[in-house]
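Try each task before reading its solution.

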Amino acid sequence: MSPTQRLASLPCGRRGKWAVVVVWLLLLVVAGPLAGKLADAEDNQASSWLPGNAESTKVIDEQENFEATTTMRAVVVYERVGGITPADVAKATRDAAAFASAPHVVPPVVGPVVSPDGQAMQTIVPIAVGEEGWENLTPAVDRLRDVAGADDQGMTTHVTGPGGIGADQAEAFEGIDSTLLTATVAVVVLLLLLTYRSPVLWLFPLLAAGASLVVSQAVIYLLAEHAGLTVNAQSAGILIVLVLGAGTDYALLLTARYREELRRHEDRHEAMALALHRAGPAILASSATVVISMLCLLAAEMNSTRGLGPVCAIGVLVALAAMLTLLPALLVVVSRWVFWPVKPGFGSDEPTRTGRWAHIGRAIARRPRKVWIGTGLALAACAVGLVSLNATGLSAADGFTDRPDSVVGQEVLDEHFPAGTGDPLSVIANAPATPAVEAAVRADPGVSAVTPPAVAEGRAFFQATVNDRPDSDAAKDTVDRVRDAVHAIPDADARVGGGTAVIMDAERAASQDNKVIIPLVLVVVLIILGVLLRALVAPVLLIATVVLSYAAALGISVFVFEHVFDFAAQDNAFPLFVFVFLVALGIDYNIFLMTRVREEAAHRGTREGAVVGLAATGGVITSAGLILASTFAVLATLPVVAFTEIGFAVALGVLLDTLVVRSVLVTALTVDLDRKMWWPSHLSKPEAEEWTSRTTGAPARRE
């Protein structure tokens with residue numbers, strides 16, 4: 001027995017299986033309470049989402065010197081179309097006094113201020129967010145809405161501004177972990193039941209995936225508390241989907257190979273050891289692809305993107321450990337009966353050899369070149385939708401799948417007041433240069449008003465109201481002009497931040513991240529495939545097929561977003577997140593297929609090996625793809641456009657890769673290229689085919 005076979009037999013040995021189960025039980029006892037604390041360790045402050053070195057982020061950090069705590073401004077808007085009355089002003093004045101006692105509100109409350117057209121009023125209420133992030137916004141904004149809405153005397157009232165929008169975003173993310181967990185588990189259970197058609201077998205992959213989620217959440221909590229790892233609601237939510245989806249994929253592949261070996265070996269321990277030995281390299285390569293691709297996100301400028309990388313990498317590593325240790329141990333403990341009612345009996349025929357995928361493989365093999373050319377052209381046609389890609393970011397109004405109160409309130413505010421009133425620019429400079437900096441800001445045509453400066457520790461801070469909507473192109477142009485003007489003032493060390501600057505800096509950082517991370521991930525995946533398949537041609541072609549699948553998925557998704565969902569644009573991080581997930585996860589299925597094809601090609605030749613490999617893996621890979629796609633589709637249930645877009649596009653891409661790219665395009669390319677697929681390894685040499693002919697009795701093919 002080779003060293004790798006001995007290693008593979010450890011989790012499923014007659015004694016080793018019990019040791020593995022005990023170790024995982026102990027891990028769960030320790031990890032359970034820690035995993036429950038992960039939500040408390042989330043950092044949902046604005047700086048945890050923004051580009052770390054951006055000017056707007058530095059302004060947020062420096063504002064702490066001028067304010068006792070970090071604040072966000074909520075804007076309470078009153079509107080009476082017939083005109084504001086003295087009684088309305090009196091009511092808003094009483095409300096302003098009551099706002100001061102709302103949770104987390106800090107003085108001064110400014111207003112009410114009547115609009116120039118006399119039909120609306122606004123009151124600006126600062127809310128302390130501090131280290132708790134948006135968690136403080138919800139109770140404060142709820143109180144503001146209750147007070148403003150009480151005895152409104154026929155006025156309409158709304159709470160908007162950064163504080164109101166942040167509170168509605170917090171409500172959208174409220175319970176995200178439990179919502180995603182419940183929906184994902186339900187999807188996985190349903191699809192496992194349909195896949196295995198067994199009332200019992202589905203439970204064991206789910207138990208292993210659930211254990212890996214709990215342990216990974218505990219590890220991430222400890223790193224967040226003691227090692228500075230940044231976790232926010234976005235990364236915590238995606239972690240759930242990724243661990244359960246990827247973990248179940250690995251479980252399906254291993255279980256399918258175990259079932260094959262049970263037909264060949266009477267001893268279930270031996271069968272599982274061989275299943276681990278033969279399926280293990282593909283699972284390891286698959287997980288390595290995902291982990292290293294996720295770690296490539298550490299090169300991102302966006303803090304939210306950079307923080308997502310290690311969180312997802314940890315989750316996949318723990319899922320890998322569970323599927324290669326806990327799941328084999330559990331399946332060996334319960335014996336063959338777990339497959340009831342279709343138990344794989346020793347010596348019985350392998351049904352995949354004559355099943356649906358065997359027929360599909362033989363059909364492809366008859367005209368492989370026509371198949372791969374036609375499939376490639378169809379995918380390229382789907383990618384045409386990319387011309388409408390508009391990943392320039394989502395405005396506050398466009399970030400929700402519905403229209404919450406803050407969005408309606410912002411529309412009312414824009415109608416009656418200068419559009420930038422609720423979200424001004426924040427300017428910080430050296431105190432001696434303040435007059436020159438203030439004059440430069442006032443001189444900009446896009447600025448309507450400037451507040452008196454506050455001075456602390458040799459630095460001055462003031463705010464400037466912009467004429468245009470904070471998320472408009474005109475407001476972004478104003479930020480660029482103001483920055484250019486104040487940066488040119490000698491010895492000022494001036495910085496310009498605020499809501500508009502944050503949006504603009506995030507857009508530019510996301511664009512830069514795309515240029516850096518996408519090529520990096522492609523190189524990493526190419527190297528892993530080259531090492532695994534010991535070839536150059538196959539890895540390059542596999543990468544090309546996955547990129548084509550990505551482009552087709554994005555093209556279809558953009559068309560659907562624009563013409564079906566009526567979304568205004570795509571989130572800044574949309575192309576990058578979809579790319580990383582689709583390439584890292586989509587390549588999994590190519591790894592599962594091609595490692596089996598390579599194994600078969602060594603004995604049957606590449607053409608027959610491709611057909612046999614598809615027959616053996618087609619069913620399990622399709623099931624894995626359906627489960628992974630369904631788990632990502634769960635993200636689309638959240639009332640947040642960015643999550644809906646990512647969930648839809650990744651789910652669609654996984655389905656395309658599973659049902660079209662891997663089963664049709666890759667198989668056809670492999671059959672058509674034959675042994676050239678493995679260049680420059682020994683399988684690409686004519687003597688390899690002659691050796692195959694001698695050892696199997698099959699006639700050697702001649703060119």
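## Exercises on a predicted model

Arginine 495 is partly exposed, with a relative accessible area of 24%. Please keep in mind as you work that this model is predicted.

**Exercise 1.** Find the salt-bridge partner of arginine 495 and work out which parts of the chain the pair ties together.

*Solution.* 
- Step 1: Look for a carboxyl oxygen within 4 Å of a side-chain nitrogen, the cut-off for a salt bridge.
- Step 2: Check the cover. Buried means under 20% relative accessible area. Glutamate 62 has 12% and is therefore buried, while arginine 495, at 24%, is partly exposed.

**Exercise 2.** Which residue does aspartate 493 meet in a salt bridge, and is aspartate 493 buried or partly exposed?

*Solution.* 
- Step 1: The side chain of aspartate 493 meets that of arginine 459, with an N to O distance of 3.5 Å.
- Step 2: This pair links distant parts of the chain, 34 residues apart: aspartate 493 sits in the loop between helix 17 (473-487) and strand 9, and arginine 459 in strand 8 (residues 459-466).
- Step 3: Aspartate 493 has 45% relative accessibility, so aspartate 493 counts as partly exposed. Arginine 459 has 9%, so arginine 459 counts as buried.
- Step 4: The model's salt bridges come to 25 by the rule used here.

**Exercise 3.** Describe the salt bridge between glutamate 411 and arginine 403, and say how exposed each partner is.

*Solution.* 
- Step 1: The N to O distance between the two side chains is 2.5 Å.
- Step 2: Glutamate 411 is partly exposed at 37% relative accessibility, whereas arginine 403 is exposed at 53%.

**Exercise 4.** Where do threonine 248 and threonine 545 lie, and which backbone oxygen does each side chain reach?

*Solution.* 
- Step 1: Threonine 248 is part of helix 10 (residues 233-264). Its side chain reaches the backbone oxygen of leucine 244 at 2.5 Å.
- Step 2: Threonine 545 is part of helix 19 (residues 537-563). A polar atom of the side chain of threonine 545 is 2.7 Å from the backbone oxygen of leucine 542.
- Step 3: Apply the accessibility cut-off of 20% for buried residues. Threonine 248, at 1%, counts as buried, and threonine 545, at 5%, counts as buried too.

**Exercise 5.** Name the residues of a negative surface patch and of a nonpolar surface patch, then examine one member of each.

*Solution.* 
- Step 1: The negative charge gathers at Asp142, Asp146, Glu171 and Asp402.
- Step 2: Take aspartate 402, which lies in the loop between helix 14 (368-382) and helix 15 (405-416). Aspartate 402 has a relative accessible area of 42%, so aspartate 402 is partly exposed.
- Step 3: Val523, Ile527 and Val531 make the nonpolar surface patch, which covers about 290 Å².
- Step 4: Take valine 531, found in helix 18 (residues 499-533). Its relative accessible area is 62%, so valine 531 is exposed.

Key:
Residues are numbered from 1 along each chain as its sequence is written. This is a predicted model: local features need pLDDT of at least 70, side-chain atom pairs count only at pLDDT 80 or more; totals for chains, interfaces and linings use all residues. Side-chain values use heavy atoms; hydrogens and water are left out. Patches are made of residues with over 30% relative accessible area and no salt bridge: like charges are joined within 9 Å, nonpolar side chains (Val, Leu, Ile, Met, Phe, Trp, Tyr) within 5 Å. Accessible areas come from the Shrake-Rupley method with a 1.4 Å probe; for residues, only the protein chains shown count as cover. Lys and Arg count as positive and Asp and Glu as negative; His and the chain ends are not counted. The place of a charge is taken as NZ of Lys, CZ of Arg, CG of Asp or CD of Glu. Helices (H or I, at least four residues) and strands (E, at least two) are DSSP runs, numbered from the N terminus. Buried means under 20% relative accessible area, exposed over 50%, partly exposed in between (1.4 Å probe, protein chains only). A polar contact is a pair of N or O atoms within 3.5 Å; within protein, one must be able to donate a hydrogen and the other to accept it, and residues adjacent in sequence count only if both atoms are side-chain atoms.
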